[in-house]
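My notes are below as numbered points, to be read alongside the coordinates.

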Amino acid sequence: MAEALSDQALMARAIRLAERGLYTTEPNPRVGCVLVRDGRIVGEGWHVRAGEGHAEVNALRQAGELARGATAYVTLEPCSHFGKTPPCADALVAAGVSRVVAAMQDPNPQVAGRGLQRLREAGVEVQCGLLEAEAGQLNPGFIKRMQQGLPWVRLKLAMSLDGRTAMASGESQWITGPQARADVQRLRARSGAIISGADSVLLDDSALTVRAAELGLAPELAAQVAQRQPLRVLVDGRLRVPLDRRLFHEPGPVLVVCADAMGREAEYQRPQLELLPLPGQNARVDLPRLLAELARRGCNEVLVESGAALAGAFWQAGLVDELTVYMAPRLLGSNARPLLQLPFDAMAQAGDLQIIDLRALGRDWRITAHPSRAQAD
């Protein structure tokens, strides 16, 4: 019964609502809201997609006049500024909500406590910090982009039990089974951009798209999710990938990042195709500048799906926030290709990880890990 639900249980419900926007809110955060009056839930809402109503507005619309005197449980501080929609703090005040419980303060400098202050000034009782860690896990990319001007970087890798990713010839399809591949599709769908390298595209001719039939979601939801294709980013320092590859002929925008355009700009003047020189050291692409540029474009989470060389470059540059490794119960042998190119010579160079999740996906295993604090520093 709703009467027995505590503040914590109601915030947990709001977090579950926010999760429904996991694949669709980019570049906005995922937010959920529950309105309760006299011990009864009178309205619920979540942010579905950018440009549409925020979670609070959707919950207020459902509650109608029953919102007056209600408590609002919201996973992120209500916004206080005009964007594509009016401020949610004002909407809560106008509806007569008497109490607001927010899981966390908004990291957006345009808000950052102003929404809560506006509510207090209007006489609304305010509490902040309930299930803050759980709410933060909904939006690691939005939080990092607001605080550091960088997206959350998730490095996806697939390997055999002996830590190999492909045969020496480059043959790699398929190491993992269908459940793991569907999980990768969902990682793509929640990302603002997918980064791959020239070697991977030349070997696999991957399109890097989100495919509705492979998401493992309900058909109607899968079709909606697949409508928004993440920005596909090809790191091609010397422009080796020909423009007849699948990557350039599937729906959705493509950004080719090179170290030097070499006077070939005209070749890339096509719809939904952009060439961006970002020269770094040793005639390579400047990866930190690339991530800053993606954050500037509104990318909260970035998925790196690449070969060992680019994956190793991201790791060595300290740019990886999370590793998602799919491990298949098979052996590819010592001649096969390694997981990452990391030319370590001593144990002191070893990269330490904190495993935060381990679960079976069909016959495969998915390992989710974060760099240790020492590695991250």
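**Notes on the predicted model**

1. The largest nonpolar core contains 41 residues, and Met11, Leu35, Val100 and Leu119 have the most contacts inside it. A nonpolar core here is a set of buried Ala, Val, Leu, Ile, Met, Phe, Trp, Tyr and Cys residues joined through side-chain atoms within 4.5 Å. Buried means under 20% relative accessible area, exposed over 50%, and partly exposed in between (1.4 Å probe, protein chains only). At least two residues of this core come from each of helix H1 (7–18), strand E1 (32–37), helix H2 (55–63), strand E3 (71–74), helix H3 (88–95), strand E4 (99–102), helix H4 (114–121) and helix H6 (140–148). H1 gives the largest share, six residues. Helices (H or I, at least four residues) and strands (E, at least two) are DSSP runs, numbered from the N terminus.

2. Before going on, a word on conventions: this is a predicted model, in which local features need pLDDT of at least 70 and side-chain atom pairs count only at pLDDT 80 or more, while totals for chains, interfaces and linings use all residues. Residues are numbered from 1 along each chain as its sequence is written, and side-chain values use heavy atoms, with hydrogens and water left out.

3. Which residues does Leu35 touch, not counting those up to four places away in sequence? They are Arg40, Ile41, Val42, Gly43, Ala59, Leu60, Ala63, Ala67, Thr71, Ala72 and Val97; contact means heavy atoms within 4.5 Å.

4. Val124 sits in the loop between H4 and strand E5 (125–128) and is buried, with a relative accessible area of 8%. Leaving out residues up to four places away in sequence, Val124 touches Val93, Val97, Ser98, Arg99, Val100 and Leu119. Its C-alpha atom is separated by 9.2 Å from that of Leu92, 32 residues apart along the chain.

5. Helix H9 (residues 219–227) has Ala222, Val225 and Ala226 buried. These residues lie on the same side of H9, because they cover an arc of only 95° around the axis, the arc being that of the directions from the helix axis to the C-beta atoms. Glu220 and Gln227, on the other side of H9, are exposed. Helix H7 (178–189) is included in what covers the buried residues of H9.

6. Now the charges: there are 23 salt bridges in the structure, each a side-chain nitrogen of Lys or Arg within 4 Å of a carboxyl oxygen of Asp or Glu. One of them joins Asp90 and Arg118 (2.9 Å, N to O). This pair links distant parts of the chain, with Asp90 in helix H3 and Arg118 in helix H4, 28 residues apart. Asp90 is partly exposed at 32% relative accessible area, and Arg118 is partly exposed at 31%.

7. Asp183 forms a salt bridge with Arg186, with the closest N and O atoms 3.3 Å apart. Because the two are three residues apart in helix H7, Asp183 and Arg186 are separated by about one helical turn. Is Asp183 buried or exposed? Asp183 is buried, with a relative accessible area of 7%. Elsewhere, salt bridges that share partners join Arg30, Arg154, Arg190, Glu301 and Glu322 into one network.
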